[in-house]
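Here are my notes on the model you sent. They are set out as numbered points.

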Amino acid sequence: MNDINDLYQQMILDHNKSPRNFKKLENYTHFAKGHNPLCGDEIDIYVLIENNVIKDISFQGQGCAVSKSSASIMTTLLKGKTLEEAEEIYENFHKIVTSKIDDNINLDEMGKLAVFAGVRKYPTRVKCATLAWHTYENAKNGEKEITITE
Amino acid sequence: MKNYIKKNIDKIRSDFPILNKLQNNKPIIYFDNAATTQKPQVVIDSLKEYYENYNANIHRGVYYLSQKATEKYEETRNIVKNFINAQFDEEIVFTKGATDSLNLLAYSLARTYLKEGDEVIISHMEHHANIVPWQELVKYYGIKLVVLPVDDNGELILSKLEDLITYKTKIISIVHISNSLGTINPIEEIIKKAHEFDIKVIVDASQSIQHTKIDVQKLDCDFLVFSGHKIYGPTGTGVLYGKKKYLKEMVPYQTGGDMILNVTLEKTIFNDIPNKFEAGTPNIEGIIGLGEAIKYFQKYSIDDIYEYEKELLNYATNKVLEIDGIKIIGTSKNKASVLSLYSDVVHPHDLGTLLDEQNICIRAGHHCTQPIMQRFGIPATARASFAFYNTIEEIEQFIEALNKSIKLFL
């Protein structure tokens with residue numbers, strides 16, 4: 001039986017209530033809009049990349065607790081990282097939310113990302129968690145088009 | 001207790017196998033009846049019976065099995081005709097569902113009656129199935145789509161209707177009961193007004209057929225559509241009722257087998273109604289199951305069902321109003337079955353997941369009515385919708401779960 005606390009962990013509830021970097025950046029080099037028409041989630045991601053480093057990153061938008069906290073946690077993890085480091089974090093995140101429940105993933109090494117392990121048990125909610133991350137990828141790659149995560 | 005449903009609720013619930021199943025050792029509380037209803041055993045059995053005893057294609061089979069299948073299929077037509085009080089069996093056309101019925105109507109009405117610049121009126125609270133087919137006519141036939149607005153309570157602003165009607169208005173297609181707000185629209189008035197101006201009226205009865213009395217002759221609607229699976233029948237079944245004089249004039253929607261009288265390589269003579277609108281092998285077992293579903297439904301008095309479901313809705317409404325942080329979208333006095341909730345504290349999708357943990361099935365989303373969500377400035381609602389097999393006890397558990405969810409997010 002699923003334990004709802006696996007999904008709605010304190011960190012997720014906290015970031016949902018007080019999202020970090022929840023603003024529009026004054027100076028940014030990259031921007032993308034993410035949209036999940038199925039649930040109506042919308043997110044704007046602003047990124048300032050200088051010399052291969054994510055100097056600043058922020059988001060705005062509306063969505064459920066999972067999508068909002070995922071965006072908030074993502075910004076705290078990616079800020080100050082090189083693009084290569086960011087890529088590694090993105091891949092780890094992806095690995096966690098798309099893995100099977102009994103897949104052997106060492107969550108201890110995943111730091112804050114481990115909080116998303118609970119999402120795996122809720123296939124209908126995985127797309128909520130991935131919206132911000134896909135939108136960041138789009139922003140970084142210079143695509144401003146709306147992302148649909150289905 | 002005068003209400004038969006209330007008195008016999010345990011017996012009624014035992015007719016629906018899913019309601020007696022356990023999930024994680026707990027019963028399922030099914031509050032997504034506006035999306036689809038659960039099926040009584042008699043309906044499930046009828047599908048099995050068809051495949052085990054008389055599976056054959058219908059019409060033109062000279063052997064017994066085919067005759068029996070045809071007979072049962074056509075029996076449903078007669079059951080539906082009597083159920084909605086149509087005048088003739090051939091006024092009942094079987095489709096895949098209400099969406100299919102509305103697509104048929106949009107396509108066929110456009111080709112038969114409409115010309116560029118003609119106007120179709122819908123309302124702001126329509127299901128996408130009653131919006132998108134008309135938008136296609138705008139694109140391909142130059143039809144103008146006009147929208148009757150909705151007020152803050154989720155009621156049609158009926159006083160605007162006459163302003164919207166012009167000499168080019170040919171069709172009004174309107175939902176009877178809103179699937180996302182629960183509002184019961186005054187369709188009698190709309191039909192009367194429309195007919196003063198010689199406008200044809202389509203009623204989308206997808207959410208009313210299972211909750212209120214439908215009498216197409218009394219309503220005098222020109223067309224009426226509903227889905228079988230929302231009235232305890234199988235999925236993939238639907239009904240289009242149309243006045244005989246119009247159905248006879250209208251061109252077919254799909255062509256091919258079963259809808260013809262005679263085909264040569266040069267030309268085809270179409271069959272008469274209703275076959276003209278039923279091309280290809282239909283959902284035979286589904287339609288037979290729909291007949292069983294309606295027969296089952298008709299065992300009860302619609303007044304008892306309406307009264308009982310109203311009691312459930314009123315009880316749930318009053319309890320929800322006591323919860324801080326949740327508001328009800330759709331506050332018309334005249335409502336049925338649907339309770340749409342919105343909270344600034346908990347997003348509808350989070351609410352849906354949290355309730356699911358307690359085996360409470362509700363729907364979170366825009367309910368295929370994005371324009372009315374836009375009208376209220378929200379992306380989605382969490383919707384509980386009731387059927388006559390639901391109980392006050394289930395609603396109490398739902399309210400408790402709502403309270404718990406809100407607290408988690410505060």
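How many residues of domain 1 of chain B are in contact with domain 2 of chain B?

1. The model is predicted. In it, 25 residues of domain 1 of chain B are in contact with 27 residues of domain 2 of chain B. On the domain 1 side of this contact, the elements of chain B that give two or more residues are helix 12 (302-321), strand 14 (338-342), helix 14 (370-376) and strand 17 (381-385). The residues on that side divide into eleven polar, ten nonpolar and four charged.

2. The domain assignment puts 4-37 + 301-409 of chain B in domain 1, while domain 2 of chain B covers 45-297.

3. On the overall shape of chain B: the C-alpha trace spans about 70 × 55 × 40 Å along its principal axes. The radius of gyration of chain B is 22 Å, which agrees with the value near 22 Å for a compact globule, because that is what 410 residues would give.

4. Chain B holds 15 helices and 17 strands. Of the 410 residues in chain B, 48% are buried. Taking the contacts in chain B between residues at least 6 apart in sequence, 71% join residues at least 24 apart.

5. The contact between the chains takes 13 residues from chain B and 15 residues from chain A. By class, the side of chain A that touches chain B has ten nonpolar residues, four polar and one charged.

How values were computed
Residues are numbered from 1 along each chain as its sequence is written. Chains are lettered from A and ligands numbered from 1 in the order in which they are written. This is a predicted model: local features need pLDDT of at least 70, side-chain atom pairs count only at pLDDT 80 or more; totals for chains, interfaces and linings use all residues. Two residues are in contact if their C-beta atoms, placed from the backbone, lie within 7 Å. Ala, Val, Leu, Ile, Met, Phe, Trp, Tyr, Cys and Pro count as nonpolar, Asp, Glu, Lys and Arg as charged, and the others, Gly among them, as polar. Domain bounds come from an automatic or database domain assignment. Helices (H or I, at least four residues) and strands (E, at least two) are DSSP runs, numbered from the N terminus. The radius of gyration is taken over C-alpha atoms; the globule rule is 2.2 Å times the number of residues to the power 0.38. A residue is buried if 20 or more other C-beta atoms lie within 10 Å of its own, exposed if 12 or fewer, and partly exposed in between; C-beta atoms are placed from the backbone.
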